[in-house]
Amino acid sequence: MSTVVAQSLHVFGLRSHVANNIFFFDEQIIIFPSGNHCVKYNVDQKWQKFIPGSDKSQGMLALSISPNRRYLAISEIVQEKPVITIYELSSIPCRKRKILNNFDFPVQRFISMAFSPDSKYLLTQTSPPESNLVYWLWEKQKVMAIIRTDSQNNAVYQVSFNPQDNTQVCVTGNGIFKLLRFAEGTLKQTNFQRGEPQNYLAHTWVSEDKIIVGTDTGKLFLFESGDQRWETSIMVKEPTSETGNLEVIRESESLIQFPTISSPVPSYEQVMMASNNSQLAMPQVFAIAAYSKGFACAAGPGRVLLFEKMEEKDIYRESREIRIPTDPQSNERSQSDKQDVLCMCFSPSEETLVVSTSKNQLYSITMSLTEISKGEPAHFEYLMYPLHSAAITGLATCIRKPFIATCSLDRSVRIWNYESNTLELFKEYQEEAYAISLHPSGHFVVVGFADKLRLMNLLIDDIRSFKEYSVRGCRECSFSNGGHLFAAVSGNVIHIFATTSLENISNLKGHTGKVRSVVWNADDSKLISCGTDGAVYEWNLSSGKRETECVLKSCSYNCVTVSPDAKIIFAVGSDQTLKEIADSSILREISAFDVVYTAIVISHSGRMMFVGTSVGTIRAMKYPLPLQKEFNEYQAHAGPITKMLLTFDDQFLLTVAEDGCLFTWKVFDKDGRGIKREREVGFAEEVLITKTDMEEKAQIMLELKTRVEELKMENEYQLRLKDMNYSEKIKELTDKFLQEMESLKTKNQVLKTEKEKQDVFHRERIDDLLDKQSQELQDLECCNNQKLLLEYEKYQELQLKSQRMQEEYEKQLRDNDETKSQALEELTEFYEAKLQEKTTLLEEAQEDVRQQLREFEETKKQIEEDEDREIQDIKTKYEKKLRDEKESNLRLKGETGIMRKKFSSLQKEVEERTNDIESLKREQVKLQGVIKSLEKDILGLKREIQERDETIQDKEKRIYDLKKKNQELEKFKFVLDYKIKELKKQIEPREDEIKVMKEQIQESGNVGGGVCKAAVFGLHLRRNRKSCKVS
């Protein structure tokens, strides 16, 4: 085996979609999944211990901790097969107690698990389409019972045991709520679902027979013995402020008590896919946890509601709202509203609540703080630091500072400190970040975004851009070892920039596919690159030309590195080999043994090599590379490793992967000794800060100083005023107290004299009482002595009487004994004689019994013979009767067949008549409808006729009036006609005159013709009008 050993030190990351992904081991230690490990994290001391996953594991699916907190069950997929591993947490390090991997039932994966209250049994739920619920005696790897929970491929999210009963279990899922009981080797359902099925996301046991369940529509149900007893809905109102608010609507009274174990979470992807199809306004209850005062439940994105029990009634009401705070470094202030709370857990003392979210974040809150923030929503705090919520695409480190830089598809850039294991800087952007590189000084960083390449300063509290390049989709960038140059990849072109002048000094073109990795040699004179086109090129930066090249088109390279002496290039790619390349040729190909290498790094000392695989493991190899399969393989990530780096001193190995986790590893040789540094270099403590920031801070400090001086003067003045006031008050109080003291002294003197008088009086009285008491005592003694003498004399007399009585009783006893013995002898003789007599009588009775038995046997024999004869006669009689009955039965069967045929034919006729009746009824209904409509039409027509009659009458009346008027008009017409004729007669001679005049005018010429014509014409017209008026 290889002598190179890597030991995991710290991890930054969380796998939030593992079911039941967070719980407390004790008051300070929490356990959560990260990468392909479970992490024990001490919240106070900040250390981490690791429980690695199984060898060749493809990732964890679900966790469960036993109620006594001694065992941890982990569900995994190992080489495409499901495995459950149970660890003993009390041992250091945690050791495997049992492995469940041999199943005699079909199973693809285990998605939920739960330990029984006594930790002896384990309940496991398999995924659809099998959906089997398995009840294990896990210590003996024995299946006690198995049942299929669903046959319609619905998602099952959670299983649990009754906290008081090993035999009762609960299963919830999409349209599934089942209570089952284990009895006689089987699991039997004890409840029946009523009402409309819901998508039950989470549940928890309330008491021995009560369960609270949350749904994807914001509803909480309480079931008692399988029957619904209580329901409430949590509605998200439109936010009226920056925080918005939540309101609980519809609440029924019920008795609710909740257990202390947190609820596992459902498959988040399944629920979100289902909820995206129908836009729901209700919050989804992914998690429920309880504590002594009530319970907490997830209430939509970024919110947790606390419910407390009412004192007057056995119901719970919302008491607090806890929100995930907005991050000031985030560009999206509503980022907290985009992450759902998937799991929550209270500490054993219920002092702390810890939650995990869909964005891979861990938050905590001290419960005592929620009491302070009454009326206002309380806010969670980060349990550790803001973690990456998507695949990490870039990784970088530097020489002068213990910094790690990462970038991710979650659009953030983060700077970590691997010595203190803290987050130094963090900033989010609008675009996805693909690549990152730290300047060796640790003061600058270059980041490749989707739209451009940015060169940024690492300030004391910010990451600030000072130069942008239009390099789109930069997937790889790297500072040179000296820091004076940096390379950035855009597609198949490598751009070289100068750090000092910020200019593009060279563009290296030659790759036909995308460049996947670049690395500088030790003196920065050369750059090695590899790409998807199967080419590995070595570039001379002074000339910008290729010096060596090795092309293998069948392989798509993922990563490349170079030995410290720059003589050998190491490349890994899709062909599952590690290649040693020198002078444009492949020296060796070392097999990866059925995995794809995705990253490679060699130590600065040239003695160690590490490779990352597509299954998330890392392999530590000794260099020069051995000929056999000689390496140490470690479980690390739950996804393909994207980047690997060694720190400049070869002390720490850094790995990141698509699971969003960052691991730091301590590198040792096989004997446990750390790798010695090449040279001792202390880390720099300097930080960058802009001049404007300095001036602002100086101005703020100056303002604060002046403010402090003003406050000092004001405080001194206030103190002087208070001193004066207090001195006056002290003087007044002193005078007052002196007066009171004098009055008290005089009062005290008076009381003393009174006390002396009382003492004298009491002494005299006590003397009198003592004399009186002594006299009474003497009298009592005399009296008692006389009484004693009398009593003694009585005692003597009684003693003598007692002696005499005793002697008499003894004499009576002796006489009684003698008479008793004599009577006993007489009785003995009498009963012996009587016994002899009875014996003879008994013998005679026995002889009689024997005689009677003989007679009984004889009688019995005769009776049996008579009965046999009677039975034979009865048998023959009934056999004859049976034959007759059979014949009649056959006859009746024939008649029955005929009747059945008649009945069937009659039944068919009845059915036909019934059908006819039904069709006639339908026709009758139709005709009745037609009749009704026609009746309506008749009524309408009648109304119309009546209206028309009325209109006709009106019109006839009007016609009569018009006819009458017409007659009058005809009379008037006759008069007018007569007048017209008269006028015509008058006009005709006038027209003749006009004609004559016109002729005369024409003859008279043109002098004044127009005027004269008009005048004559006007004169004639006036005459005609006058004549008309006269007529």
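This dialogue walks through several features of a predicted model, from the whole chain down to single residues.

Q: What kind of model is this, and how are its residues numbered?
A: The model is predicted, so local features need pLDDT of at least 70 and side-chain atom pairs count only at pLDDT 80 or more, while totals for chains, interfaces and linings use all residues. Residues are numbered from 1 along each chain as its sequence is written, and side-chain values use heavy atoms, with hydrogens and water left out.

Q: How many helices and strands are there in the protein chain?
A: Helices (H or I, at least four residues) and strands (E, at least two) are DSSP runs, numbered from the N terminus. In the protein chain there are 4 helices and 58 strands.

Q: What radius of gyration does the protein chain have, and what would a compact globule have?
A: The radius of gyration is taken over C-alpha atoms, and the globule rule is 2.2 Å times the number of residues to the power 0.38. A compact globule of 1031 residues would come near 31 Å, but the protein chain has 57 Å. Along the principal axes, its C-alpha atoms fill a box of roughly 215 × 120 × 115 Å.

Q: How is a sheet read, and in which order do the strands that include E52 and E55 lie?
A: Strands of a sheet pair through backbone hydrogen bonds, either parallel or antiparallel. Two strands count as paired if DSSP finds at least two bridges between them. Here 4 strands form an open sheet in the order E52-E53-E54-E55, with antiparallel pairing. Its edge strands are E52 (597–602) and E55 (632–635), each of which pairs on one side only. Neighbouring strands of this sheet are turned by 20° against each other on average, direction ignored, where the axes are lines fitted to C-alpha atoms (for helices over the stretch in contact) and angles run from 0 to 180 degrees between N-to-C directions. Between E52 and strand E53 (residues 608–613) there are 5 bridges, and isoleucine 600 has valine 611 in E53 as its bridge partner.

Q: Is strand E24 mostly covered or mostly open, and which strands join it?
A: Buried means under 20% relative accessible area, exposed over 50%, and partly exposed in between (1.4 Å probe, protein chains only). In strand E24 (residues 294–298), which is mostly covered, 5 of its 5 residues are buried. On one hand, 4 bridges join E24 to the antiparallel strand E23 (residues 288–291), where alanine 290 stands opposite phenylalanine 295 of E24, and a hairpin through 2 residues joins E23 to E24. On the other hand, 5 bridges join E24 to strand E25 (residues 303–309), again antiparallel, and alanine 298 has valine 304 as its bridge partner in E25. The hairpin of E24 and E25 has 4 residues between the strands, and in it glycine 300 takes a positive phi near 95°.

Q: Where are cis peptide bonds found?
A: One joins isoleucine 92 and proline 93, with omega about -5°, and proline 93 lies in the loop between strand E8 (81–88) and strand E9 (95–100). Another runs from tyrosine 623 to proline 624, with omega near 5°, and proline 624 is in the loop between strand E54 (617–622) and E55.

Q: What is the phi of alanine 566, and where is this residue placed?
A: Alanine 566 has a phi near 60°, a positive value in a residue other than glycine. Its place is in the loop between strand E48 (557–562) and strand E49 (569–573), and at 24% relative accessibility alanine 566 counts as partly exposed.
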